[in-house]
Amino acid sequence: SDTFLASDGGRGLTCWQWSAPANYIALPKDKDPDKPTLELKEGSLAADPVLLPEMKDKPRQVCIADVTGAVALLTAEADGRLKPGMRWNVGGRITAGPFIEVMPGGATRIACLVDQLDQHRMVWLDPEKETLLWSYRGKPRPALVGRPRLVGGMVVVADDSGLIVGLDPDKGTVVGKPLRLPGSTAPAASPVGFGDDRLFAPLSDGTVLLPLLSRMR
């Protein structure tokens with residue numbers, strides 16, 4: 001509750017213990033106070049670090065994405081040291097994410113949107129595995145909107161052509177029938193779960209669509 005992680009906007013990450021307004025310490029306590037806790041070797045951050053869910057009897061983990069097109073895990077030790085861990089090359093510039101999703105049963109997954117030569121795709125990672133689980137690219141390769149969401153046992157993604165697709169979280173294959181938005185409307189933000197069997201999908205024309213998830217299965 002009193003430990004924080006901050007980026008210097010470049011390659012430096014500093015872990016702080018900050019229990020009161022005038023009582024902060026850069027961790028670990030034996031390091032040079034003018035240097036960050038960890039200096040990234042490959043490239044500066046492309047997004048804010050995100051904290052993975054807490055796991056019993058294990059140190060906390062942080063997920064980072066850098067400008068070289070890599071996603072990596074850092075372990076936050078009890079003394080504040082940051083230990084580099086698993087690292088994935090996603091094959092392009094990371095334009096959104098990393099996002100954390102928790103599967104039924106508690107397993108964690110990491111999602112990122114990647115833009116490679118205007119071919120927008122999503123990658124899906126398991127923090128316990130060294131290779132990408134799968135990637136998804138819409139056809140005919142429109143831009144993905146917002147962030148992927150795990151809803152009703154599917155990974156729901158939307159694109160700016162007006163298509164909402166459900167993907168199998170284990171295989172990345174399309175589940176059932178994608179939903180085509182009416183007219184020329186497109187998603188204005190990521191669809192989210194709404195009740196037991198609906199999505200809440202804000203649209204570009206200022207309206208909201210509440211489609212049944214069961215229509216996509």
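**The pocket linings**

Reply: In the lining of the largest pocket, 11 residues are nonpolar, two are polar and three are charged. Here Ala, Val, Leu, Ile, Met, Phe, Trp, Tyr, Cys and Pro count as nonpolar, Asp, Glu, Lys and Arg as charged, and the others, Gly among them, as polar. The model is predicted, so local features need pLDDT of at least 70 and side-chain atom pairs pLDDT 80 or more, while totals for chains, interfaces and linings use all residues. Residues are numbered from 1 along each chain as its sequence is written, and side-chain values use heavy atoms, without hydrogens and water.

A pocket is an open set of points on a 1 Å grid over the protein atoms alone, where a 1.4 Å probe fits, with protein on both sides within 12 Å along at least five of seven lines; lining residues have an atom within 4 Å of a point. Volume is the space filled by probe spheres set on the points, which are joined across faces, edges and corners.

The largest pocket holds about 410 Å³. Its lining comprises 16 residues, with T3, L51, R60, V62 and A76 closest to the centre. Two or more lining residues come from each of β1 (3-7), β5 (50-51) and β6 (60-66), these strands being DSSP runs of E, at least two residues, numbered from the N terminus. β1 contributes the most, three residues.

Of its 15 lining residues, M55, K58, Q61, P127 and E128 lie nearest the centre. The elements giving two or more residues to this lining are β6 and β10 (108-116). By class, this second lining has six nonpolar, three polar and six charged residues.

Terms used
Helix = DSSP H or I, 4+ residues; strand = E, 2+ residues; numbered from the N terminus.
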